[in-house]
Structures are given as structure tokens and as C-alpha cells.
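Hi,

Here's the structure I promised to pass on.

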Amino acid sequence: MELAKRFKQTNKNVQQKWWTPYAFILPSFFVILFIIFLPLIFEFMMAMFDIRLQNIRLLKNIGINILNFPKVMKEHFILFGNYLEILKDKLFYRTFLRTVVWTFTNVFFHVVIGVWLAILLNRKLPFKSVFRVLLILPWAMPQYIAAITWKGMFNYEFGTVNLILKYFGIEKINWLGDPTYTLIAAIITNIWLGVPFMMMVALGGLQSIPHDLYESADIDGASAWQKFKHVTLPLLKPVMVPAIILGTVWTFNMLNIIYIMKDGLPGDDVNILITKMYRDGFDLYRYGYAAALSVIIFVILTLFSLAYLKANENRE
Amino acid sequence: MRKSDYFERTDSKLKIILIYMLLIFMSFIAIYPVLNILSSSLRPSNQLFSTSLKIIPDNASLTNYNKAIFERPLSRWIVNSLIVSFISMLISILFSSTAGYAFSRYRFYGKKSGMIVLLVTQMFPAAMLLLPLNILLTNMGLTEKLWALVVPYISSSVPFSIWLLKGYFDTVPSSIEESAYVDGASILTTFYKIVLPLSKPALAVASIFCFMNSWSEYIVARVLIHNEKMYTLPLGLVTLQGQYNTEWGVYSAAAILTAIPVMIIFAYLSKYLIGGLTIGSVKE
């Protein structure tokens, strides 16, 4: 990090004009403006209209100029109607609770297992790079293949998981039929997928911790736990905080796993917010409602990220 | 030969054995699903539903691979996916390397908020922008075309790549560029001829990220593409898998063919990943 700071002087160069940096950024700026922010504004607008199957063909009249949108749809303007409908529905709170459980459990195990593996791999150990490569593989597996494969492994009759349970004399579990077990199965799948990312981030963080800190802790007679608590954790924190925020957002919005494990038809008893939004939008064609739901998701995630950043700043 | 040449000085023999056992166990869990598909891809169709836990089944055969390649449109899906992934990757890297460079080297008005905006874009994934993008792309007449997929794929890989590349450029000493300027090189030449070649590892990592992003994307493709001829690999494979009873073995063979090459490249590049991720995510 010291290194990065030292090299961060700006180039003093006669050729550089005030617009040089902007020219470098321009292409990406257009991508973010036209493919991310414009649709986002559109999404916010859609959330205030009652767009559903009955009037969906009106959307064709908008063309590519989204400014036409309020004009075309003005008869279906309901202001906060969609939001009220969502917030009055008990189903939303149940789904939200499930999403929180899903996200928290996943990120918790991602971080704990990831950091733990990173610590194991960060010592002198023959063949450790072999283990590192093997442990990182879940990251490289396409998510949909992982979801389908785990779905097969959770199969009631022939799935590996039940076969292993049987071997230990435990009753077979109807993983994909019972909603609670489906959630557990999906969480296991997603933990498997997400650990390598946290492991690699933690490994990077660990490698930047100078070795002599541990040596002087040894001289002071610190126990392994004390070293972990007073040297490793505080120095790992700046690396892990952004990774945890990112991980939380990704997990909260993880559509693939539950959607594919339930063959594209997750019901109200297994949906998390993002799968509910996807099904409302693309299976039931309730565009306005789904847009409002995604705005709510966006607000929840933004508030979470700000709060988390703030909480971690204050402690320092 | 002293023990401390190979292991930590403070580790006892028991501890080392324990660590190895843990690592072997965790690695096994990490690769087991791959072995699982491998096993069902080798299984002849009359043994599809076996309750044995063997990895290499009895009478293993390659019929499923044969079927996947020659009797199913796998090659067409692969071509479609390759086109989409390569185009998205090239555009993303082109755009994000210049932007990452500007964020790393220059001081300018709006730099800090720019970096924050990049982080904020991670709050809403492609799935969320899908609703409006779907309408816009339909109205532009772009659905059912591979181009339609490139648009959302770029938008989801550009912000992350900018962060990653900026982090790497930060570690490249700017003194090399300065001496190039003294020799009269222009900013663009310096960037192209000096900075980019020096950043090969980071570019490789960012490229594989962008590539994998599109190569394994299912949800967006499901919404934008309905015509079977335009199916990308994920759409094709999920469809294959949907015909559960007959096609599970064929699906597994196709999944192995899809996943293994990416996993090998990824594993190879993973050594560059450690530094890249941390520097990229921590310091702005």
C-alpha cells in the first residue's frame, strides 16, 4: 500500500490538457450513462406506473426516447401505488426476512471459511499452490452449471447428499421439495460458490502483512489466538470491508441459484426478493410492480452499504 | 535438511498433518461437483440413475460426449457464446483500461465521485436493469440478436474491470512514462506502447473476468433470446437439462466441455489474482 501511495504522483506532462483525463474516461462514461443510468432512471419512472399484461403493448409506442414514456402511459400513472401495494403485503416482509437470512448466512460462511483457508494457505507449506488452485475452482465454474449440478446432488433418490446421509444411517431428506430444506440446499450451493472469492481477497490481505509483526508478537509470548486477534484481524479489515460489502450485494441479488434449482419456478415459499422481482416482471408481466420492487432492493442495499462503511470507519 | 526450510518453525508435526488433512478435505469438497458431473457424463444411459458413489462408473463410455457434440446443437451454442463473449470482452477491456489509467494517473475534477459511482453501479446487477433494457432493446429491434446481449454484458463488466485495472496501474511506476515523455512520445503512444505491455497480468485477469461474465450468464440471455438458433451455451445447457430423464448424461458431457477450459485458464491466471484483487478494492 505504501508502494501504491508513493507512485501515485500525477504525471507532469506538457502535452496534457485539462481534457486529457476526460478523453480517457469518455467511452466508459458513455457505457455507464447509457446502459446503466438511463435504464435506471427509466426503472424509477416505471415504478410509478401501473404497467401489466393488459397495457404492456403500449410500451412499443415509446420508441427509444424514454422521455415519451410519461406521455404514452399517462393514464396508468399511480404515483406510489406500486410501492404501497408491496409494503402492505405481508408476503414482502416474509420474503425480505428470508433474503436477510439467506444473505447473512451466506456471507458469514464465505468470510469465515475464506479467511480460515487463507490463513492455512499463508504459511510455509509444500504443495500449497496445488491446494490454492483446487480451492479456487468453484469460482471458475459457471454459476448455472454449479446450480444444476448441486440440484442433481440434492436429488431425493439418486443425489449424492442423500446417499451419504444414508451411509451414516440418517433419514433421506426431501431437499428440493420442502421449502426450508430448499433454502438450506441453495445456501450450501452458494457457500460453495462464494468461498474462493473471499479466500483470495483474504490471501492478498495476509500477504501484505509484514512477517516481522508476527515475530515480535512471538517474542512477546503472544498465543496463536492473540496474534490472530491483534495482528491479523485489524490488518485484514481494510481489505475485507469492501469485499464484504460487495459480497453482500452480490448474494442479496443472487438470482441464479434459487431460480435454477427450482427449475425456473420458485414459489412464494422459497423466493428471495430478487427472484420474486424477476418472476413478477418476466413471468407475470407486472412491469410496474417489479420495477418498484427493484427500486426497494436498491434502496435497501445502498442503506446497508453506507451504514456498514460508517460503522467500520468509526471504530478506527 | 532442516524442517524449517519447508514449514513454519513453530508448527509441530501433528499440526502440519492436521493442516494437510483439512486442506485435502476442503479441496475435495471444492472439486467434488466437477467429479460428479464428470461421472454422470461417462455413465451409459441405462445406468443414469445409479446409487453408486463411484467417480468412474462401470462400463464408462463416451457416448454422451458423442451425442452432445454431433446430435445436439452444442457447436452452434459454443459459436454463439464465443462471439458474444469475445466482443463483450474486447469492448470492456478497451474502455476500462483507458478509464482505469485516467483514474490512476491524473487528478481531475469529479475523480472521487467517479470512483464512487463505479461502486454504486455494483448495487444493481444486470438482472435489475433488465426490465428497462428489455423494453429499450425491443423497441430498437435488437432482441433475438446476439448484439442485444453484448450491451448488458459490457455494462456489468466495465465498472469492475476499471477498479481492477486502476489498482494495477497504481503499482506501475510512473517514472517510466515520464522518461518516455521526455523522449517526445505522446500520451497515447506511451499508454499503448509502455503502460499496457507492462500491465499484461492485470489485463489478462480482467479479460478472463469479462469473458467468464458473458460465457456463463444465463438470466439476461433467457429474457432477451428466445430463438433456439441464437441460444448461447447457458441457455442451451439449461434447456438440455430440462429434459431431465433422457438428457442428463448429455447435459453433463456438455457441461464438462463448457466448464473445463474456462476453469483451466482461470486456475492458470489465479496467481495474478491475489495482488490484483486487494489493491484494486482497497485504495482509491
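This is a predicted model: local features need pLDDT of at least 70, side-chain atom pairs count only at pLDDT 80 or more; totals for chains, interfaces and linings use all residues.

B:Tyr168 is partly exposed, with a relative accessible area of 24%.

Where does B:Tyr168 sit? Its place is in helix H6 of chain B, the helix that covers residues 146-171. Leaving aside neighbours within four places in sequence, B:Tyr168 is in contact with B:Leu198, B:Ser199, B:Pro201 and B:Ala202. Take B:Ser199 from that set: B:Tyr168 and B:Ser199 are 31 residues apart in sequence, and their C-alpha atoms are 7.2 Å apart in space.

B:Leu198 turns up again in a helix pair I looked at. Helix H7 (residues 175-182) and helix H8 (residues 187-198) of chain B have axes that come within 10 Å and cross at roughly 145 degrees. H7(B) passes H8(B) in a right-handed crossing. On the H7(B) side the contact is made by B:Ile176, B:Glu177, B:Ala180 and B:Tyr181, while H8(B) brings in B:Ile187, B:Thr190, B:Ile194, B:Val195 and B:Leu198. By type, the residues of this contact divide into 7 nonpolar, 1 polar and 1 charged.

Stepping back to chain B as a whole: how many helices and strands does it have? There are 12 helices and 0 strands, and the pattern read along the sequence is α-α-α-α-α-α-α-α-α-α-α-α. Chain B has 284 residues, and buried ones make up 55% of them. Of the contacts in chain B between residues at least 6 apart in sequence, 73% join residues at least 24 apart; the pair B:Tyr168 and B:Ser199, in contact and 31 residues apart in sequence, is an example of such a link. As for the surface, chain B exposes about 12,300 Å², with carbon and sulfur atoms supplying 67% of it.

One more residue, over in chain A. Is A:Thr189 buried or exposed? A:Thr189 is buried: its relative accessible area is 0%, and the cut-off for buried is under 20%. A:Thr189 lies in helix H9 of chain A, which spans residues 179-207. Not counting residues up to four places away in sequence, A:Thr189 touches A:Ala146, A:Ala147, A:Trp150, A:Phe154, A:Ile257 and A:Met261.

That's what I have for now.

Cheers

Definitions and conventions
Residues are numbered from 1 along each chain as its sequence is written. Chains are lettered from A and ligands numbered from 1 in the order in which they are written. Side-chain values use heavy atoms; hydrogens and water are left out. Helices (H or I, at least four residues) and strands (E, at least two) are DSSP runs, numbered from the N terminus. Buried means under 20% relative accessible area, exposed over 50%, partly exposed in between (1.4 Å probe, protein chains only). Contact means heavy atoms within 4.5 Å. Axes are lines fitted to C-alpha atoms, for helices over the stretch in contact, and angles run from 0 to 180 degrees between N-to-C directions. A crossing is left-handed if the near helix is turned anticlockwise from the far one by less than a right angle, and right-handed if clockwise. Ala, Val, Leu, Ile, Met, Phe, Trp, Tyr, Cys and Pro count as nonpolar, Asp, Glu, Lys and Arg as charged, and the others, Gly among them, as polar. Accessible areas come from the Shrake-Rupley method with a 1.4 Å probe; for residues, only the protein chains shown count as cover.
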